[in-house]
Amino acid sequence: MSVNAINQQFQEIAEKYKRENEKYEVYPYVFKYTETDEEFYYYILYKKYQEGKGMLVLSSKRGLLNKQEGVEIAYFFLTHNGTAIAATNVIKKVMKRSKKYVEELIQLLQQNKSMLFPVQSSVNIIINTLTIQAKNTILFNDIYQSILEIDNEIYDRSKTLTKELWLRGRSLIKKYDGLIYSEFNYVFNNLHHAEKIITYLNDEGNFILFERFKAKRMAKKLEKIFGKEAKANLIKSLEGFEKDFQGDFFTKTRGELSTDEYVQFIHQMAENDYKRNLLRDCRNP
């Protein structure tokens, strides 16, 4: 049976579970546990006015599966979609920050340490913060490209999602989640050092005449990354984290979760959400 279309028998099954004013589409790729498996699975999405309303999973060998197995297979399809969407939306947005801009600011701070001597300890911490951001930008780009490569393999070449490809994609997303969480924590916990430096740089009384231009330039660059707008975005992210964690992002006894705990928690939470929604939407009997 072709992996690009369902036969007449399967079309009849898909029609049987279609509801009023709905249309259905067959995903352009199939799922296999391994490349050598003869059996593969179709994912059929039901839509009403372009909004997803339900789904059905069919086996190339066994036809209509029971609901439990249908949900199990559908989970691979939907979580891979989540991986691809995270790359094209979330990770791509983070990648837009300029590695060159950050590196120029690091160089500027290092070259002018003498005029920043009274806030030197804060400068060292901010240089470390910027260095982490510059390195992470490279890593985010690598993760993004790797996910796109997996997605291209599935959509454009093999037309098949295997468990191996699925695991690779999920591993990349977990790596991204860990990096962004640890970076967020580091920046958030050290933001007051950037504010201290900016305040110092904006006080003209701290510098002789020819140093004031340099000070203003450094202050503006720091404000772009650590200023009021950046702080507001960090606080917004924190509120989002707290919402996701139902108010328990920071524990009362020991502060924020470790990176490993965070990644484990959000992926378990996402898995629970996916499977709960799939149980609701799966039309396999």
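User: How many helices and strands does the chain have?

Analyst: There are eight helices and eight strands, where helices (H or I, at least four residues) and strands (E, at least two) are DSSP runs numbered from the N terminus. Keep in mind that this is a predicted model, where local features need pLDDT of at least 70, side-chain atom pairs count only at pLDDT 80 or more, and totals for chains, interfaces and linings use all residues. Residues are numbered from 1 along each chain as its sequence is written, and side-chain values use heavy atoms, with hydrogens and water left out.

User: Why is the pair of phenylalanine 31 and phenylalanine 76 called stacked?

Analyst: Rings of Phe, Tyr and Trp (its six-membered ring) pair if their centres lie within 6.5 Å, and planes under 30 degrees apart count as stacked, over 60 as edge-to-face and the rest as tilted. By this rule there are 22 aromatic pairs. For phenylalanine 31 and phenylalanine 76 the values are 4.5 Å centre to centre and 10° between the planes, so the pair is stacked. The partners sit 45 residues apart, phenylalanine 31 in strand β2 (residues 30-32) and phenylalanine 76 in helix α2.

User: What makes phenylalanine 31 count as buried?

Analyst: Buried means under 20% relative accessible area, exposed over 50%, partly exposed in between (1.4 Å probe, protein chains only). Phenylalanine 31 has 0% relative accessibility, so it counts as buried. Phenylalanine 76, with a relative accessible area of 7%, is buried too.

User: How do you know that the charged end of lysine 224 sits over the ring of tyrosine 101?

Analyst: The rule asks for NZ of Lys or CZ of Arg within 6 Å of the ring centre and within 35 degrees of the ring normal. Lysine 224 is 4.4 Å from the centre of the tyrosine 101 ring. Lysine 275 lies over the face of tyrosine 75, at 4.9 Å from the ring centre.

User: Which element gives the most to the lining of the second largest pocket?

Analyst: That's α8, with six residues. α2 (67-95), α5 (163-201) and α8 (259-281) each give two or more residues to this lining. Among the lining residues are Tyr75, Trp166 and Tyr274, and ring pairs link a cluster that also includes Tyr75, Trp166 and Tyr274.

User: What radius of gyration does the chain have, against that of a compact globule of 285 residues?

Analyst: The radius of gyration is taken over C-alpha atoms, and the globule rule is 2.2 Å times the number of residues to the power 0.38. A compact globule of 285 residues would come out near 19 Å, but the chain has 25 Å. Its C-alpha trace spans about 85 × 40 × 35 Å along the principal axes.

Definitions and conventions:
On a 1 Å grid over the protein atoms alone, a cavity is a set of points where a 1.4 Å probe fits but cannot get out, and a pocket is an open set with protein on both sides within 12 Å along at least five of seven lines; lining residues have an atom within 4 Å of a point.
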